[in-house]
Amino acid sequence: MPSFTQLRTVRVTRTHKISAALVAAAGCTAAVAITAGTSSAAPSAAPATVKPVSANGQPAAKAKAAEAKSDKNARPASLADSLKVTAVDKQGHTAQQAANRSTERKAIAAPKAAPKAAPKAPKYKNNLDGWIRQSLDIMKAKGIPGSYEGLHRNIMRESSGNPNAVNNWDINAINGIPSKGLLQVIQPTFDTYHVAGTPKKLTDPIANITAAANYAADRYGSIDNVDSAY
């Protein structure tokens with residue numbers, strides 16, 4: 001039968017072995033835990049060819065740069081930039097107002113429409129020279145011969161250039177059909193040789209000259225051939 005001393009020695013030895021086993025087990029457990037923690041904490045290396053992308057499919061770096069540029073364009077980056085933008089807006093508004101005022105001033109200061117040009121002076125003067133020239137143009141259009149000299153010479157002899165001259169003493173006057181006008185034409189002759197387009201008035205200068213020239217052309221060939229009463 002073992003003695004007390006031997007039993008104590010055995011018990012102490014067992015206690016030491018158990019303690020040693022527990023310590024060893026605890027060390028293993030800690031080692032496992034440390035290894036597991038280290039393994040789970042280490043991130044897996046991303047493939048070298050994969051690049052992070054944004055939600056719109058662009059590379060994340062470009063997307064961020066685009067967003068930063070958009071933000072920069074959308075709003076001033078600082079108070080100074082904000083003041084610059086406000087100043088530019090005010091300048092634009094002021095310039096627009098100035099342009100509007102300038103347009104209004106131009107509209108107000110616009111010159112009035114130029115007055116209508118004065119009517120051109122008549123082609124023929126209302127005198128003997130003008131009457132002869134106008135009669136010559138009508139005679140030319142109607143094929144009636146005559147010259148300025150022939151008309152003027154006979155007018156001065158017959159009436160001295162007075163379109164209202166009346167002969168009250170010759171045979172025609174005695175017969176009740178006095179000669180009248182620049183070339184002293186009687187009414188029956190005037191009615192027969194009146195030139196269309198001229199007034200039907202015996203003492204009208206143009207009508208009197210053209211009718212007399214038409215009569216002279218029929219009887220003498222031209223007013224230029226008349227040198228006396230006809």
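Lysine 142 touches Val195 and Ala196, leaving aside residues up to four places away in sequence. This lysine is found in helix H4, the subject of this briefing on a predicted model. Helix H4 covers residues 128-142, and its buried residues pack against helix H5 (148-158) and helix H8 (205-220).

**Helix geometry**
- With 15 residues at 1.5 Å a residue, helix H4 should span 21 Å.
- Glycine 143 follows H4, and its phi is positive, near 80 degrees.

**Buried residues of H4**
- Leu128, Gly130, Trp131 and Ile132 are among the buried residues of H4.
- Ser135, Leu136, Ile138 and Met139 are also buried in this helix.
- The packing partners of the buried residues in H4 are helix H5 and helix H8.

**Serine 135**
- Serine 135 lies in helix H4.
- Its relative accessible area is 0%, and buried means under 20%, so serine 135 counts as buried.
- Serine 135 touches Ile206, Ile209 and Thr210, when residues up to four places away in sequence are not counted.

**Lysine 142**
- Lysine 142 has 47% relative accessibility and therefore counts as partly exposed, the class between the 20% and 50% cut-offs.
- Between lysine 142 and threonine 210 there are 9.8 Å in space, C-alpha to C-alpha, and the two are 68 residues apart in sequence.
- Threonine 210 is also one of the residues that serine 135 touches.

How values were computed. Residues are numbered from 1 along each chain as its sequence is written. This is a predicted model: local features need pLDDT of at least 70, side-chain atom pairs count only at pLDDT 80 or more; totals for chains, interfaces and linings use all residues. Side-chain values use heavy atoms; hydrogens and water are left out. Helices (H or I, at least four residues) and strands (E, at least two) are DSSP runs, numbered from the N terminus. The expected span of a helix is 1.5 Å times one less than its number of residues. Buried means under 20% relative accessible area, exposed over 50%, partly exposed in between (1.4 Å probe, protein chains only). Contact means heavy atoms within 4.5 Å.
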